[in-house]
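Subject: Handover of a structure and notes on it

Dear colleague,

Please find the structure below, followed by an account of what was found in it. I would be grateful if you could read the two side by side.

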Amino acid sequence: MTDPCWIIHLPTRLTSVDEVAALAMALRRSLGHVLAVDFGETTLSPEDRQSVRTRVWCDAPLGGPGRCGRTAGHDGGCAPTAE
């Protein structure tokens, strides 16, 4: 049995889902080297509806090592790097 992982809920003062997604992308660019953070699992939710989650990245397995780094709902095939 493995120990459970923890999740950080990071509230913002932003009011637009596009602005919050841009912040998540900036955090990924600046902290992507921190292996303890699984940015592929990043989701967004409104403050008053935290059980409703919107994925930021596709994160689909690529068939080898790695996962898709493109945004969720992207057109075309999966790729290891962000759009």
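The chain exposes about 6700 Å², and carbon and sulfur atoms supply 58% of this area. Accessible areas come from the Shrake-Rupley method with a 1.4 Å probe, and for residues only the protein chains shown count as cover. The model is a predicted one, in which local features need pLDDT of at least 70 and side-chain atom pairs count only at pLDDT 80 or more, while totals for chains, interfaces and linings use all residues. Residues are numbered from 1 along each chain as its sequence is written, and side-chain values use heavy atoms, with hydrogens and water left out.

Overall build

The chain contains one helix and two strands, arranged as α-β-β from the N terminus on. Helices (H or I, at least four residues) and strands (E, at least two) are DSSP runs, numbered from the N terminus. Along its principal axes, the C-alpha trace spans about 40 × 40 × 25 Å. Of the 83 residues, 18% count as buried; buried means under 20% relative accessible area, exposed over 50%, and partly exposed in between (1.4 Å probe, protein chains only). Among contacts with a separation of 6 or more, 13% are between residues 24 or more positions apart, where contact means heavy atoms within 4.5 Å.

The helix and the loop that follows

Helix α1 covers residues 17-31 and includes Leu 31. Ala 21 is also found in helix α1, and it counts as buried because its relative accessibility is 18%. The C-alpha atoms of Ala 21 and Arg 55 are separated by 9.3 Å, although these residues are 34 positions apart along the chain.

Leu 31, with 37% relative accessibility, counts as partly exposed. Together with Val 34 and Val 37, Leu 31 forms a nonpolar patch on the surface, with about 200 Å² of accessible area in total. Patches are made of residues with over 30% relative accessible area and no salt bridge; like charges are joined within 9 Å, and nonpolar side chains (Val, Leu, Ile, Met, Phe, Trp, Tyr) within 5 Å.

Is Phe 39 buried or exposed? Phe 39 counts as buried, because its relative accessibility is 13%. It lies in the loop between α1 and β1 (43-44). Not counting residues up to four places away in sequence, Phe 39 touches Leu 27, Arg 28, Leu 31, Gly 32 and Trp 57. The C-alpha atoms of Phe 39 and Arg 29, ten residues apart along the chain, are separated by 9.9 Å.

Charges and salt bridges

Side chains of opposite charge can pair when their charged atoms come close. The chain has 8 positive and 10 negative charges, and their mean positions are 2 Å apart. Lys and Arg count as positive and Asp and Glu as negative, whereas His and the chain ends are not counted. The place of a charge is taken as NZ of Lys, CZ of Arg, CG of Asp or CD of Glu.

How many salt bridges does the structure hold? There are three, a salt bridge being a side-chain nitrogen of Lys or Arg within 4 Å of a carboxyl oxygen of Asp or Glu.

Arg 55 forms a salt bridge with Glu 41, and the closest N and O atoms are 3.7 Å apart. Arg 55 lies in strand β2 and Glu 41 in the loop between α1 and β1, so this pair ties together parts that are 14 residues apart in sequence. Arg 55 is partly exposed at 36% relative accessibility, and Glu 41 is partly exposed at 42%.

Arg 55 also forms a salt bridge with Asp 59, with the closest N and O atoms 3.8 Å apart. Asp 59 is placed in the segment after β2 (54-55) and is buried, with a relative accessible area of 7%. Leaving aside neighbours within four places in sequence, Asp 59 is in contact with Gly 40, Glu 41, Arg 67 and Cys 68.

Arg 67 forms a salt bridge with Asp 59 as well, the closest N and O atoms being 3.3 Å apart. Arg 67 is partly exposed, with a relative accessible area of 42%. Salt bridges that share partners join Glu 41, Arg 55, Asp 59 and Arg 67 into one network.

Yours sincerely
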